[in-house]
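Me: I would like to learn how to read helix faces and pockets in a protein model. Please take me through one case.

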Amino acid sequence: MKLAKKITLVVFAVALIAAIAIYLQYRQVINYAQAPINLAQEKILTVPSGTGRVALEALLVKENIIDENNQFQWLLKLRPELAKMKAGTYRLQPAMNVEQLLSLIASGKEAQFSIRFIEGNRLSDWSAILRDAPYLEHKSQDTTQAELYAMIGFDGDGILEGWLYPDTYLYTAGTADTDILKRAHTRMKASLDEEWRGRDKDLPYKNAYEMLIMASIIEKETGIDSERSQVASVFVNRLKKNMRLQTDPTVIYGLGDKYRGKIFRSDLDNYTAYNTYRIEGLPPTPIAMPGLASIKAAAHPAKTDYLYFVADGTGGHTFSHNLNDHNRAVKVYRKIEQQN
């Protein structure tokens, strides 16, 4: 009996020591899980496809996000749900601890990036913005025009100018730039179709594309929402009277790289397909990407008899019914320019 008791005590002691060791190890792992990561500011981390437990630890140590510590692998064993890491690009925050870091990578919730296209941007502007956007896959640069149009679902006869909806678009790393263009084109097409169906019925447009062209001109002429329908009324009234539009933004678009920051008399006299001082009616294509407000203005212009407008020196415009009033408004604006 005495021997049996001694054996029992030894076994109990060993078990107790083991239990204490396990508990202490458990506490070390738990404490390690709550330890902050080594970040003073936000960091973007890409976890490559096929990354396992050891490779993930090596990556985090290499990027100085965590220090080398044998508790890392113990944590993954103790919390196997944290070991189910998913490849992707993640946005890490300084306030994160190790457990939150691993939870994020296991969740697959990749970092969202944003790209903004403002109303009035041209297609060339979009190309430059896409080219400089981080973590995008640049597929559009390696395609022909026909291939690009097929990829984004553009079936128009003309150029892509005007057919992309200006807005802020979110994407994850590895998204193709053509996917963003497709989303923007789909939105523009749907918005234009909707406004075309609900348009006023006495408008001088042959089709929705002409209304898009008009919207692009309105977009470049004013950035004031309250003026858009008035600007639209001027151009609609001139079209109905077979008057030339005589709008500077179309001239500038037609000049392309030759534009010198100012329109000269020679620019107005020289013919281009976009010089509305020389051509009748609308230019052949849009001159920018219009926003929804300008499309709505083109579809529902104000009911006025305005035929002219000129800048008023405060960011807005003065609208006139006849040439005499317009000339007086021009003189006022020129005096304001001289004073400035």
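This is a predicted model: local features need pLDDT of at least 70, side-chain atom pairs count only at pLDDT 80 or more; totals for chains, interfaces and linings use all residues.

Reply: Residues are numbered from 1 along each chain as its sequence is written, and side-chain values use heavy atoms, with hydrogens and water left out.

Me: Which residues of helix α2 are buried?
Reply: Buried means under 20% relative accessible area, exposed over 50% and partly exposed in between, with a 1.4 Å probe and protein chains only. Helices are DSSP runs of H or I with at least four residues, strands are runs of E with at least two, and both are numbered from the N terminus. In α2, residues 53-62, the buried ones are L56, E57, L59 and L60.

Me: Why do the buried residues of α2 line one face?
Reply: The arc is taken from the directions from the helix axis to the C-beta atoms. Down the axis of α2 the buried residues fall within an arc of 160°, so they line one face. V54 and K62 are exposed on the face turned away from that side.

Me: What do the buried residues of α2 pack against?
Reply: Contact means heavy atoms within 4.5 Å. The partners are β1 (43-47), α3 (71-78) and α4 (98-107).

Me: How is the largest pocket described?
Reply: On a 1 Å grid over the protein atoms alone, a pocket is an open set of points where a 1.4 Å probe fits, with protein on both sides within 12 Å along at least five of seven lines; lining residues have an atom within 4 Å of a point. Points are joined across faces, edges and corners, and the volume is the space filled by probe spheres set on them. Here the largest pocket holds about 1000 Å³. Of its 29 lining residues, D248, Y277, V310, H326 and V330 are the closest to the centre. Helix α13 gives the most to this lining, six residues.

Me: What is the volume of the second largest pocket?
Reply: The volume is about 270 Å³. Its lining has 15 residues, with L123, S127, S140, L148 and L181 the closest to the centre. The largest share, five residues, comes from α5.

Me: Where does M151 lie, and which residues does M151 contact?
Reply: M151 lies in α6 and is partly exposed at 33% relative accessibility. Beyond neighbours within four places in sequence, M151 contacts K139, T143, T178 and K182.
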